[in-house]
Amino acid sequence: MHRQRVSTGGAAALLLVLATAPEAVAQQRAPLAAPTIARAEDGGFSTAGVQRIVAALKDDVKSGTIPGGVLVVVRKGRTVAFEPFGDQDPEAKVPMARDSIFRIYSMTKPITSVAAMMLVEEGRLSLADPVSKYIPEFADTKVGVEKAGADGKVTLDLVPPRRPMTVHDLMRHTSGLTYGFFGSGAVKKTYLDSQGIFGLDLNNAEFSKKLASLPLMHQPGSNWEYSQSTDVLGRVIEVASGQTLYQFVKARILDPLGMKDTHFYVANETDFKRIAEPFKADRQFGVNAFMSEPRKPVKYESGGGGMVSTALDYARFCDMLINGGLYGGKRYLSAQTLAYMTSDHLAGVGLGSAYLPGDGYGFGLGFQVRREGGHSALHGTAGDYSWGGAGGTAFWIDPKQQMYVILMMQSPKHRVTMRNKLRGLVYGAMLP
């Protein structure tokens with residue numbers, strides 16, 4: 001067995017997720033003094049099934065597929081797995097621990113989206129607002145339309161948007177923005193060529209202004225395109241709140257939830273030894289896109305992919321979500337707002353060949369959302385919602401099964417395979 005290192009923050013346990021009305025639960029729930037793992041059957045799993053999940057993950061470590069990770073499974077108010085496995089640092093042979101720190105990349109998006117909806121609930125932000133209300137440069141952003149000449153050379157025509165990009169577009173990835181590090185196309189190439197934006201450590205205001213100078217890939221509202229929309233949303237939050245993104249998220253989400261290890265970089269040198277690393281040959285997740293260095297301070301607080309966190313920290317966030325916006329007696333969002341966020345917002349929107357959630361899934365405000373049973377190759381239940389990070393982390397919340405699952409690991413190459421595999425293992429371990 002690998003030694004388990006538990007820091008002061010890591011010693012705080014996962015909260016129990018009780019299957020009763022949120023307002024009633026608030027009076028019953030409290031953090032435990034130390035991690036408590038329930039009997040699998042008390043959480044609606046078989047003991048053999050949970051053992052099979054953990055054994056399968058450890059087999060992937062033994063085979064050299066992944067270096068290691070941390071698994072969290074909570075169902076029916078019981079934590080049935082909070083398991084570190086393999087190595088935190090495969091080069092130094094440092095064992096994984098419950099409080100290991102991971103680059104969570106796009107698992108930052110749900111946190112930023114929740115922060116935005118807090119402002120919506122307070123009337124300081126509207127989903128119908130044009131983005132240019134907060135970032136004026138987006139009023140002049142054009143849409144790039146590819147044109148092939150007689151010689152076969154592709155050029156971009158810049159045309160005006162048919163309607164303004166809205167905050168709603170940012171949250172559901174219909175803004176027309178894109179990412180340059182995967183896929184192909186003339187607009188994506190402008191992203192790759194714009195090292196003046198992506199190669200510099202700009203603050204959020206500077207980054208958003210420069211991003212607005214690049215062409216959009218689609219007309220706003222017309223197509224789902226995974227993009228830097230949530231990064232721009234982070235800047236909108238700054239303007240609407242009068243604080244930096246981290247200041248707002250820290251005060252409203254991270255500190256109240258006790259997410260003390262969730263930051264845009266690892267600020268304390270004493271915590272450097274807790275940072276999980278991938279294999280040396282598995283650090284790339286896209287074109288010119290490599291695993292970041294979390295020990296280096298940054299000015300750019302990427303609301304779409306910049307955070308580091310731990311399994312326990314993210315479990316607190318998931319716990320708040322599955323409990324209808326409540327955690328430890330404090331309300332973060334209304335249950336109605338969360339239901340709205342986890343509904344499909346893509347009716348009438350083009351999905352294209354690169355639609356990442358895939359068959360059976362729509363997209364809400366910060367999460368992919370399962371529309372119905374069947375259709376998807378992923379095991380799950382209608383209404384489950386989820387997302388993952390380019391570095392290998394992933395989570396999903398299944399309200400009907402009163403369950404959330406978190407996998408923290410650092411393996412860009414195997415991120416999709418491991419998420420799919422874990423789904424089958426978890427649902428296969430459930431009792432009737």
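Let me begin with burial: a residue counts as buried when its relative accessible area is under 20%, as exposed when that value is over 50%, and as partly exposed in between, using a 1.4 Å probe and protein chains only. What you see above is a predicted model, in which local features need pLDDT of at least 70 and side-chain atom pairs count only at pLDDT 80 or more, while totals for chains, interfaces and linings use all residues. Residues are numbered from 1 along each chain as its sequence is written, and side-chain values use heavy atoms, with hydrogens and water left out.

My topic is the salt bridges, each defined as a side-chain nitrogen of Lys or Arg within 4 Å of a carboxyl oxygen of Asp or Glu; by that rule, the model has 24 of them.

Take Arg172 and Asp169, which are both buried and whose side chains form a salt bridge with an N to O distance of 3.5 Å. They lie three residues apart in helix 4 (residues 167-172), so about one helical turn separates them; helices here are DSSP runs of H or I with at least four residues, numbered from the N terminus.

In the pair of Lys260 and Asp261, the closest N and O atoms are 3.2 Å apart; Lys260 is partly exposed at 42% relative accessibility, whereas Asp261 is buried at 5%.

Turning to Arg283 and Glu277, their side chains meet in a salt bridge at 3.6 Å, N to O, with Arg283 partly exposed at 27% and Glu277 buried at 9%. Finally, salt bridges with shared partners link Asp99, Lys260, Asp261, Asp271 and Arg274 into one network.

How values were computed
Helices (H or I, at least four residues) and strands (E, at least two) are DSSP runs, numbered from the N terminus.
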